[in-house]
Amino acid sequence: MPDCGLVTHSHKPVPLRSISVDLVVRGFVADVVSELRYQNEEKNPVEAVFVFPLDDEAAVYAFEGLIGGTRIEAQIQEKKQAEQEYEDALSEGREAFLLGREANTSDIFTCSLGNLPPDGEATLKLRYVQALAPEPDGAVRFVLPAVLNPRYVPRGSEADTVTESIPRVPKGQLPYTLSLSVTLESSYGINRVESKCTLEPLHYTAENRTTAQVSLATGHQFDRDVELLVYYEDVHKPSTLLEAGKTGAAPGSLMGDPALLLTLYPSIPAPKPGLNSAGEFLFLLDRSGSMDCSTEDGKDSPSRIQSAKETLVLILKSLPLGCYFNIYGFGSSHDSFYPQSVEYTQQSMSESLQRVKELDADLGGTEILEPLKAIYSQPCKEGHPRQLFVFTDGEVFNTDEVIAEVRRHSSSHRCFSFGIGEGASTALIKGIARAAGGSAEFITGKERMQAKALQSLKKALQPAVTGISLRWDLPPGLEAALVGSGPQVIFEGQRCLIYGQIRGKPQSSDTAEGSAVLQYSFQDQIFTETMKFPLQAQESDRLPVHRLAAQALLQELEEAVEKDEGKRHLALETSLHSGVVCSQTAYVGVNTQLAKTLQGPLERRDVPLALCCASVPKSRQRCARSAPVLKSCMMLSSVVMDHHITDYSGAGWIEVSSSEEEEEEKETTLKEEGSLLLRLILLQNADGSWPLDSDLATLLDLSEAEISSQKPAQVIPTAWATVLAVLWLHFRAAEQNDEWQLLEAKALSWLQATAGPQLAECVKAGNALLGSSVSPQAFGL
């Protein structure tokens, strides 16, 4: 097996035997307990070092070990103090364990277990809590990350990254296993659970389907991210949770007082999409070597660069006529399609689509900071709010520096980020979106890519919400304090989390509820959202709401542009009191009950992770820090870029069972429908119209003569073609309407200005020609 970039194959024994995860999902909160079981089969004591990713927003709040039958609860301390205590314990021959976060990013943790004796066993138990957000299709998404790609270190940096020394093994050859059991609880009602991984059947534990259990199938290899998509009956229903404070904690402190979690979905009147021509849309595309890797397993899986290009094509087609745009690419160097943003016209759109077709992952490393600085050096266009879209696999070392640069310019733009493929840094993707008031999406498979892209574009086209404020209405004797600065940006349909600390005692015992009032301005109108909540606090041993509130505050303090001593001290105190790890703290545990200390040389054993580019041909695998890589064998499907060609490759006949045959037939049908949709999209003009030509006729399975003969009198051919195209979208691609809503909006705007009173006649004639029955209401009639 040849070396693959930062990959090394030491063939040394691995003491980690298994990982077992117990997950409880209550509504939108995931509470996780992860157990790492170690066994040393060598003749000398070993130090096992396991470097692993967690979500950027996960709050790690407890760490303990069971070593030789002795339970040891780790203590959170200042990081330098914890590291020194751990090193002292090792030098004294004592068993010890340490858990800390990497200094330059918030989504990589290192777990060290030192002085595990020969034939010794140990179990380390890690606890964390995480708030979950709904996907565009309404699914609540939880990811247990397994993939940790090597982080690119920019040229000239003296720093090093812990991911560089991690040993890697080919997928399917990890020496340890993963088991995952999940308990689901939701008053909304649990509809179903989906995953790319094989699951045991969902088992409901309540007749009303408010609780259920599910688990990974036995024998799962932890060589890919475990993604669970939980579908509730009413995912956008507002919710409240008031949690009692920690027993023994001081009243008036964050952990001592009750903590409140409000989940709101503000009802912003949606402006008509596609009609607003204002905006400067900048697209920053990662073209580093690592983007040549596949987004998921399978011979037909697209590469990351392919997924990014397909997404970019769809967004380019959906931009409003008259806006401004530019496309940047970056790797070890960076470039742009135009010296400065150009107006969106038929010519500029066509030229850009052709250039997108030619893009490849051929720019070497992942230096995102310099292209960001180049973008910010360009003056903003007056009357055209700047919207930045970033597509990257997120494999950079200087994450904090990149986020700080985006935050410095947050007043002049919004940032929408896309993490491509497994292993994308949640710290980078979520961090830059948070820093500039946008939103983040993760694309781990082709199936949900287009919907996520269009959802972000719809948000970018929305006018900004301003004047956001929050006030509390509580009984006498109680007051509420907002934890953190509260919501800074609001989008239609997007979840808004608010954490509050309830102080004091009510003067009367019969006051049962309080309320929070969120107010904001949108398009010169003032809107108010009122959320009532019961004042009876729920008891909880793990205190998930308190931990989440502490994590939200820590994130805000550590991402601040001006990291003054006051904020640094507040972050440290918050971390130590809440138990939530931050960049300044770590957990350390030492076995002080050893009858005698261990003797002999201490052997370091790094726990391997799965090879990040296993799905890329070996001859094409390259280091993420290398020179430009070879072009991927998986080029962008010709149907996406050239509507004259449909690319189907025959692989011969394979004998399959009837059920497999049905599945294959279903998959083929879906692919063909998707291909036709993409072909139709590529035929659309920049102004929203479709030309009446042979390409459209072929797609509609008609001849040009048939189409022309049925055209109502006095209607221009382009208007007739556009009506037929919109009818086809509703008739043949209704399930993918998230992908073409903005395209349709452009078409309808153009039709209403062009076809006028004859539009109704066109719709009736078009339905007759295509054999469809689309309502005239779809055309605003």
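**Terms and their grounds**

Analyst: The protein chain has 16 helices and 33 strands. Please bear in mind that this is a predicted model.

User: Why is Gly 93 called buried?

Analyst: A residue is called buried when its relative accessible area is under 20%. Gly 93 has a relative accessibility of 3%, and therefore it counts as buried. Across the protein chain, buried residues make up 56% of the 781 residues.

User: Where is Gly 93 found, and what is it in contact with, leaving aside neighbours within four places in sequence?

Analyst: Gly 93 is in the loop between helix H1 (79–91) and strand E7 (96–101). With those neighbours left aside, Gly 93 is in contact with Asn 115, Leu 594, Thr 597 and Leu 598. The C-alpha atoms of Gly 93 and Leu 594 are 9.4 Å apart, although 501 residues separate the two in sequence.

User: What share of the contacts in the protein chain with a separation of 6 or more comes from residues 24 or more positions apart?

Analyst: Such residues account for 75% of those contacts.

User: What makes a space in the structure a cavity, and how many of 30 Å³ or more are there?

Analyst: A cavity is a set of points where a 1.4 Å probe fits but cannot get out. The structure holds nine cavities of 30 Å³ or more. The largest cavity has a volume of about 170 Å³. Among the 17 residues lining the largest cavity, those closest to its centre are Ser 34, Phe 50, Phe 52, Pro 145 and Phe 222. Strand E3 gives the largest share of this lining, three residues.

User: What makes a set of residues a nonpolar core, and which residues have the most contacts inside the largest one?

Analyst: Its members must be buried nonpolar residues joined through side-chain atoms within 4.5 Å. The largest nonpolar core has 76 residues, and Phe 281, Phe 283, Leu 319, Phe 389 and Phe 779 have the most contacts inside it. Helix H14 (residues 717–732) supplies the largest share of this core, 10 residues. Another core, of 70 residues, lies apart from it and includes Ala 30, Ala 58, Ile 72 and Leu 148. In soluble globular proteins, nonpolar side chains tend to be buried together.

Notes: Residues numbered from 1 in each chain as written. Predicted model: local features only at pLDDT ≥ 70, side-chain atom pairs only at ≥ 80, totals over all residues. Heavy atoms only, no water. Helix = DSSP H or I, 4+ residues; strand = E, 2+ residues; numbered from the N terminus. Buried < 20%, exposed > 50% of the residue type's maximum accessible area, 1.4 Å probe, protein only. Contact = heavy atoms within 4.5 Å. 1 Å grid on protein atoms, 1.4 Å probe; cavity = no way out; pocket = protein on both sides within 12 Å on 5 of 7 lines; lining within 4 Å. Points joined across faces, edges and corners; volume = space filled by probe spheres on them.
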